[in-house]
Amino acid sequence: MSRTPALTLRFAQLMVGLFLYGASTALQVRAVVGVASWTVLTEGLEHVVPWSFGVITVVSSGVILLFWIPLRQKPGIGTLLNALAIGPSADLVLWLVPAPGGLLPRVGLFVAGLLLLAVATAFYIGAGFGTGARDGLMVGVSQRFGWPIWVARTVIEVTVVIVGWLLGGDVGAGTVVAAFAIGPLVQPLMPLFRRFPWSPERTRVAVPNSLTAPGLEARTTS
């Protein structure tokens with residue numbers, strides 16, 4: 001596949017993946033059984049500022065990107081679109097999907113959101129334009145202080161969960177499940193979403209450094 005169609009389809013894959021990522025986050029919020037770490041913080045901030053969930057997601061992504069400066073991380077197009085696209089898609093799905101009434105429907109909605117999150121993560125990372133602001137923060141902290149990635153991730157996510165919980169974010173069984181389930185769910189999906197005819201591994205399309213960003217191979221954002 002030639003360069004221009006391949007890049008166009010990769011951008012389309014990126015945007016679809018980011019939309020699904022925001023949608024999956026919204027489903028977990030509507031389930032009210034606990035949400036992933038960064039979503040806990042976003043929910044907590046809803047009690048502090050008069051903004052929607054999506055607006056807080058966008059603004060907080062921008063704030064996180066400011067921390068990239070001293071950590072010497074370089075954002076790419078995938079990073080910037082991640083910061084801008086996930087929040088609006090989450091707001092849209094929150095508006096469309098009502099909160100279910102019983103515990104069983106809520107658990108089902110949470111599981112659906114978790115599975116969709118894994119698919120969305122593999123989908124957008126497979127486009128080859130880098131990961132989001134939160135993953136870049138973890139990579140930067142790891143490099144700056146010489147910590148293993150898992151240590152940097154644990155320190156950051158425990159911190160945001162505590163702060164979000166103190167502000168009123170939804171911490172529950174879903175928070176624990178999400179922490180341990182995302183990685184194993186995403187990992188086997190990654191090769192599948194790198195086998196499209198337009199995937200970088202298939203087309204060997206050389207993307208300029210300005211369009212790529214450092215990050216983890218498999219991880220959620222929100």
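Helices (H or I, at least four residues) and strands (E, at least two) are taken here as DSSP runs, numbered from the N terminus. My residue numbers start from 1 along each chain as its sequence is written. I am working on a predicted model, where local features need pLDDT of at least 70, side-chain atom pairs count only at pLDDT 80 or more, totals for chains, interfaces and linings use all residues, and side-chain values use heavy atoms, with hydrogens and water left out.

**Entry: Val160**

I began with Val160, which sits in helix H7 (residues 149-166). I looked up its cover and found it buried, at a relative accessible area of 8%. My cut-offs: buried is under 20% relative accessible area, exposed is over 50%, and partly exposed is in between (1.4 Å probe, protein chains only). Which residues does Val160 touch, leaving aside its neighbours within four places in sequence? I get Ser37, Trp38 and Leu41, with contact meaning heavy atoms within 4.5 Å. Trp38 is 122 residues away from Val160 along the chain, yet their C-alpha atoms are separated by 6.3 Å.

**Entry: H2**

Eight of its ten residues are buried, so H2 is largely enclosed by the rest of the structure. I list the buried ones as Ser37, Trp38, Thr39, Val40, Leu41, Thr42, Glu43 and Gly44. What do they pack against? I find H1, H3, helix H6 (133-145), H7 and helix H8 (173-186).

**Entry: the salt bridge**

My rule asks for a side-chain nitrogen of Lys or Arg within 4 Å of a carboxyl oxygen of Asp or Glu. The count comes to one salt bridge, and it joins the side chains of Glu157 and Arg153 at 3.7 Å, N to O. The two are four residues apart in helix H7, which means about one helical turn between them. Glu157 is buried at 11% relative accessibility, whereas Arg153 is partly exposed at 23%.

**Entry: nonpolar patch**

Trp51, Val55, Val59, Val63 and Phe67 make a nonpolar patch of about 430 Å². Patch residues have over 30% relative accessible area and no salt bridge; like charges are joined within 9 Å, and nonpolar side chains (Val, Leu, Ile, Met, Phe, Trp, Tyr) within 5 Å. The areas are Shrake-Rupley values with a 1.4 Å probe, and for residues only the protein chains shown count as cover. Val63 belongs to helix H3 (residues 53-71) and is partly exposed at 39% relative accessibility.

**Entry: positive phi**

I noted Val32, not a glycine, with a positive phi of about 55°. Just after H5, Gly128 takes a positive phi of about 85°.

**Entry: confidence**

I left pLDDT, the predictor's confidence in each residue from 0 to 100, for the end. The chain mean is 87, and 90% of residues reach 70 or more. Among the elements, H2 has the highest mean (96) and helix H9 (residues 200-203) the lowest (70). Over residues 205-222 pLDDT stays under 50, and the model has 74 contacts beyond four places in sequence for them. Where pLDDT is low, the predicted coordinates should not be read in detail.
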